[in-house]
Amino acid sequence: MGWRKSLLNSTLRLMEKPHLAHVKNPAFLRTSADWKAALWFRSPSGTEFHKQTLSTDAGTLSITVSRSPGMREGRVVLFAHGGGYVFGSPRTHRALVAQLCHRLECEGWIPDYRLAPEHPFPAALDDLRATYDHLVGSGTSPKDIILAGDSAGGGLTLALLLSLREDSAPLPAAVVAFSPLTDMTFSGASFSENRRSDVLLPAHRAKDAAEMYLKDCDPKNPKVSPLFGDFTGVPPIYLAAGTTEILRDDTLRLVEVLKQQNVETQLELQDDLPHVWPLFHGYLPEADQTLDRIAVWAKPLLSSEDES
């Protein structure tokens, strides 16, 4: 094991996992995640961020937009941040999105979607769908949009894909999900097998987050558990997960479902890397390598790449 990976895993196990295990106040989780992200994560040089607001049926939705030098106009990564549907924000993930978009020569859109418990399902999905519909309605070609997300946001991204398919709406060029939460019944073997080996996520808190988000929703509803959905006919999907995560089988079982439904799928399964390791770009070599691989995979799928 490389020393950086070893040090990161130890730090997360000693500091972050106990924090997530014991802090039950969503407001404190949100505040602490924001300031830690500002301390740890860095965007590429020259990246600029600005806020955009979108009027929706539920009110006003704030979106953080990232732009970097060399960006190709008309290309967008629509990113759903993680945080168990309870915390996380564009502030926690904007550096990761900027790093990904820099490699893809895309603009990044990160909606500040509504969080549980104040706003249970389907509020987050409605906000993400409103953002996608706005992009397409404003002239962005769906074939130049990549949907992406991590953890709960990865599940949310896959739920958006199911929503678009169900409505026969224009589909994006590709989908990327880091360590996605795809099964809110938590029935995967890794959920118990990796309870100790996962250096970040405390397994017992997952059901707390699920109760806040689901409210009265059936946990087998594909819009909250995409593992149970029909993806037939969707664009290529890139999935990344670690062998020691409690959510490992959320990815591995989804890969099998996608193969059965003839969906082009790229799996990156890494040994002993933490949950959503690309967050640690610039420090962890494996994080930058994963982002590089995704860019190589995804760029040819964008329609505007044919014009270059």
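Guide: What follows is a close look at the sheet, then at the loops and spaces around it.

First, the ground rules: this is a predicted model, in which local features need pLDDT of at least 70, side-chain atom pairs count only at pLDDT 80 or more, and totals for chains, interfaces and linings use all residues. Residues are numbered from 1 along each chain as its sequence is written, and side-chain values use heavy atoms, with hydrogens and water left out.

The sheet is open and has 8 strands in the order E1-E2-E4-E3-E5-E6-E7-E8, with mixed pairing. At its edges are strand E1 (48-56) and strand E8 (265-270), each pairing on one side only. On average, neighbouring strands are turned by 20 degrees against each other, direction ignored. Helices (H or I, at least four residues) and strands (E, at least two) are DSSP runs, numbered from the N terminus. Two strands pair if DSSP finds at least two bridges between them. Axes are lines fitted to C-alpha atoms, for helices over the stretch in contact, and angles run from 0 to 180 degrees between N-to-C directions.

Let's step inside, to strand E4 (residues 107-111). It is largely enclosed by the rest of the structure, because 5 of its 5 residues are buried (under 20% relative accessible area; exposed is over 50% and partly exposed in between, with a 1.4 Å probe and protein chains only). Glu107, Trp109 and Pro111 point one way from E4, while Gly108 and Ile110 point the other way. E4 pairs with strand E2 (residues 59-67) in the antiparallel sense over 4 bridges, and there Val65 has Trp109 as its bridge partner. With E3 the pairing of E4 is parallel, over 3 bridges, and Val77 stands opposite Gly108. From E3 the chain passes through helix H3 (residues 90-104) to E4, a right-handed β-α-β crossover (with the strands pointing away from the viewer, the path from the first strand over the helix to the second runs clockwise).

Thr64 touches Phe49, His50, Lys51, Pro90, Gly108, Trp109 and Ile110, leaving aside residues up to four places away in sequence; contact means heavy atoms within 4.5 Å.

Beyond E4, the loop to helix H4 (123-137) contains Pro117 and Pro122. The peptide bond from Ala116 to Pro117 is cis, with omega near 5 degrees, and another cis bond joins Phe121 and Pro122, with omega about 10 degrees.

Now for the other end of the sheet. Strand E7 (residues 237-242) runs parallel to E8, joined by 6 bridges, and Gly242 stands opposite Gln270 in E8. Helix H5 (residues 152-166) packs on the sheet, touching strand E3 (76-80), strand E5 (145-150), strand E6 (174-178) and E7, and its direction makes about 140 degrees with that of E5. Helix H8 (residues 248-260) lies across E7 and E8, at about 150 degrees to E7. In the loop between H8 and E8 is Asn262, with a positive phi near 60 degrees although it is not a glycine. Asn262 counts as exposed because its relative accessible area is 73%.

The loop between E6 and helix H6 (190-193) holds Ser179, which is classed as buried because its relative accessibility is 1%. Residues up to four places away in sequence aside, Ser179 touches Ser151, Ala240, Ala241, Glu245, Leu247, His275 and Val276.

The largest cavity holds about 800 Å³, and of its 43 lining residues, Leu20, Gly83, Gly84, Phe87 and Leu201 lie nearest its centre. H3 is among the helices that each supply at least two residues of that lining. Here a cavity is a set of points, on a 1 Å grid over the protein atoms alone, where a 1.4 Å probe fits but cannot get out, and lining residues have an atom within 4 Å of a point. Grid points are joined across faces, edges and corners, and a volume is the space filled by probe spheres set on the points.

Conventions. 1 Å grid on protein atoms, 1.4 Å probe; cavity = no way out; pocket = protein on both sides within 12 Å on 5 of 7 lines; lining within 4 Å.
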